[in-house]
Amino acid sequence: MPRALHRPPAIALIGCGAISEALHLPGLLRHPEVRARLVLVDPAVERTAELAARCGIAEVHADYREVLDRIDGAVVAVPPHLHHPVALDCLERGVAVLCEKPLCEDARLAAELVETAERSDVALAVNQTRRLFPANREIRALLAAGALGRLTRIRYEMGEPFEWPAVSDSYFGAKGSGKGVLLDTGAHIVDLVSWWLGGKPELARYRDDSFGGTEAVAALELEHEGCRASIRLSWLSKLPNRYRIEGERGSIEGEVYEWSSFVRRSSDGRSRRVRTAERPRGFEEFGHRLIDNFVEVLASGAEPFVSGCDVLPSLEIIDACYARRERFELPWLEAEAGAARG
Amino acid sequence: MASGRRILITGAGGFIGGRMAEILHRADGVEVRAGVRRWSGAARIGRFPIDIAHCDILQPDSLAKALDGVDAVVHCAVGDREVTVRGTENLLEAAQRARVRRFVHLSTIDVYGQADGVFDEAQPLAYTGRDYGDAKIDAEKACARYVERGLAVAVLRPTLVYGPFSASWTIEWAQRLQSPPWLLAEEDCRGTCNLLYVDDLVAAARLALERDEAVGEIFNVNGPEPPSWNEYLAALNAALGLPPLRPQSRAASHASARLMAPVRASAKFLLAHCGDAIKALYDRYPLAKSAMRFAERTIKKTPTPGEFGFLSRKASFPINKAQSRLGYAPKFSMAEGIALSVAWLRHHGYQRDGFE
């Protein structure tokens with residue numbers, strides 16, 4: 001269990017881009033005692049100073065290293081390829097971390113963070129928002145209780161045209177991690193499906209559409225105790241955005257953005273919509289819960305919702321995908337390009 | 001011209017610019033610089049190790065940087081009138097300053113207007129009051145001014161470009177065909193469907209980059225065998241594995257268009273002025289979500305009153321000039337283009353497969 005401060009923590013928000021403004025900052029501002037000592041850190045100092053002024057925050061820094069000896073916790077929301085160096089610096093200095101997903105670009109780096117957190121006796125938490133969705137939590141409880149019997153099949157599809165307001169080219173090509181939709185969206189979905197399955201599945205097959213750059217469509221086939229799980233992810237088109245979990249005694253299905261309900265079918269074909277007791281009114285509520293938890297982790301030594309250790313299996317699966325990647329058959333990409341070379 | 005050269009493609013985050021970048025990147029001896037207005041538009045071309053540059057044609061500062069070291073430009077970026085006209089003027093000016101040696105401008109057959117007839121490159125241009133075609137006429141005029149100033153510009157006038165990522169002629173029609181009932185009448189779809197598979201347009205652009213005969217000239221670019229709209233829609237429908245179309249009566253089709261017109265206008269107004277409130281309703285209330293999805297599907301599958309004239313228009317756009325001067329020869333038959341398009345639709349989840 002992480003150590004407790006028994007006082008309001010001093011927190012730095014490192015990286016003040018789109019996700020911080022939408023999710024982390026509103027969560028932090030709800031805690032007056034945290035707000036009073038909150039520090040914003042971002043190399044875009046001018047923009048960040050404006051943000052700080054709007055929120056009544058006094059302290060802004062361009063470099064997180066300037067504040068490490070004065071803070072108890074850091075919310076790390078820098079571009080993904082910087083998660084590891086920034087979080088490592090924090091943890092080595094005894095600063096607890098709540099890191100955006102993906103924790104790291106590969107499992108080896110993530111394991112180094114986990115070990116460092118243990119050595120420094122501080123918490124390492126990860127924002128895996130989908131594990132907070134009440135529907136997903138209820139499904140996890142149902143599956144763990146054997147409500148569907150032995151699981152046989154899971155399908156999960158999630159895709160939208162990429163619209164994230166990226167302010168640099170670090171998402172694409174070789175300039176960032178060189179990893180695309182699998183690491184970005186897959187960090188959520190591979191983690192969620194593994195969590196539902198109750199153990200780390202084996203990778204059966206992985207395909208994507210990378211031609212040396214960042215993949216934009218990816219398909220995984222996973223196996224766990226006789227259950228085949230298929231995950232399809234896309235940055236290029238809107239997919240059905242649904243999931244279905246089938247077992248010997250029925251099935252569960254739902255929409256990926258529907259966080260407080262799903263449909264449960266029994267094996268005789270009867271179906272009913274299950275509405276969870278908790279019904280968050282907007283996505284921002286998950287930011288509140290996440291930050292509330294992190295403040296509790298710091299102040300009273302509570303366990304984080306999702307720890308660095310929890311996400312290691314999904315990062316290992318993602319590593320295996322990249323190591324064993326095959327390319328989809330994409331005849332429309334080959335048709336004229338072949339002629340151009342010929 | 002194309003070999004051993006660096007080529008800037010504007011609008012590389014879009015349908016045609018994206019395909020232009022993919023093909024030229026994979027051609028021997030060409031270094032592509034893919035110009036995107038927003039980084040979020042780079043997901044498709046980011047799959048290739050392509051040099052991606054910020055290139056907003058309304059921001060001359062970004063153009064100087066994007067054109068640094070560039071030998072040729074293929075101008076695919078398009079937008080509202082401001083983007084299409086002033087943006088093209090900005091790009092032409094920046095290209096001339098950067099001493100670019102070839103500039104291929106993608107225009108459209110809409111510059112000929114909307115009448116029936118045969119339209120070769122000698123036909124007069126016709127303003128119609130429609131933003132897209134009118135703006136493209138003015139962009140072509142800007143190209144002509146820079147030809148006089150010594151810039152080596154070639155203008156291509158493609159017909160209806162379809163294929164993977166084509167929202168207008170591939171995705172939307174596939175979605176309508178998959179959303180019964182079919183609301184168009186056979187008599188309304190006898191017009192010419194001047195289909196051009198996107199890879200044939202890229203081939204024409206490559207010829208315009210390479211051939212000196214292209215400089216200062218304008219070329220129609222069309223596919224090999226313009227079908228009727230009935231033929232195209234039936235072939236796409238069959239390739240999607242759907243039951244044969246059951247066309248509506250003409251009276252019912254026109255009545256549905258008239259009935260839906262105020263609904264369409266109201267939805268457009270509400271989305272433009274109350275988008276956030278609508279999204280909140282959609283997110284929070286399942287009934288509102290179902291109603292909005294139903295309305296969206298119904299609007300999408302119902303013809304617009306303006307569509308009837310378009311689908312019955314008998315117009316052809318000969319490509320003799322491109323054939324004789326550039327050696328252009330379209331390779332993709334409608335059947336091949338549709339087969340590739342449907343494979344792409346399936347891969348991207350546009351073809352329903354029962355998981356729903």
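Chain A contributes 40 residues to the contact and chain B contributes 31 residues, two residues being in contact if their C-beta atoms, placed from the backbone, lie within 7 Å. This is a predicted model, in which local features need pLDDT of at least 70, side-chain atom pairs count only at pLDDT 80 or more, and totals for chains, interfaces and linings use all residues. Residues are numbered from 1 along each chain as its sequence is written, and chains are lettered from A and ligands numbered from 1 in the order in which they are written.

**Chain A side of the contact**
- Helix 11 (331–341) and strand 7 (151–159) of chain A each supply at least two residues of the side that touches chain B; helices (H or I, at least four residues) and strands (E, at least two) are DSSP runs, numbered from the N terminus.
- Helix 11 of chain A gives the largest share of that side, 8 residues.

**Hairpin in chain A**
- Strand 13 (residues 261–266) and strand 14 of chain A pair in the antiparallel sense over 5 bridges, where pairing requires that DSSP finds at least two bridges.
- Arg264(A) stands opposite Arg272(A) in strand 14 of chain A.
- The two strands form a hairpin with 4 residues between them, and Gly269(A) in the turn has a positive phi of about 95°.

**Nonpolar core**
- The largest nonpolar core has 199 residues, of which Leu13(A), Ile14(A), Val97(A), Val193(A) and Ala204(B) touch the most other members.
- Such a core is a set of buried Ala, Val, Leu, Ile, Met, Phe, Trp, Tyr and Cys residues joined through C-beta atoms within 7 Å; buried means that 20 or more other C-beta atoms lie within 10 Å of the residue's own.
- Helix 6 (residues 198–210) of chain B supplies the largest share of this core, 9 residues.

Definitions and conventions: Buried ≥ 20, exposed ≤ 12 C-beta atoms within 10 Å, placed from the backbone.
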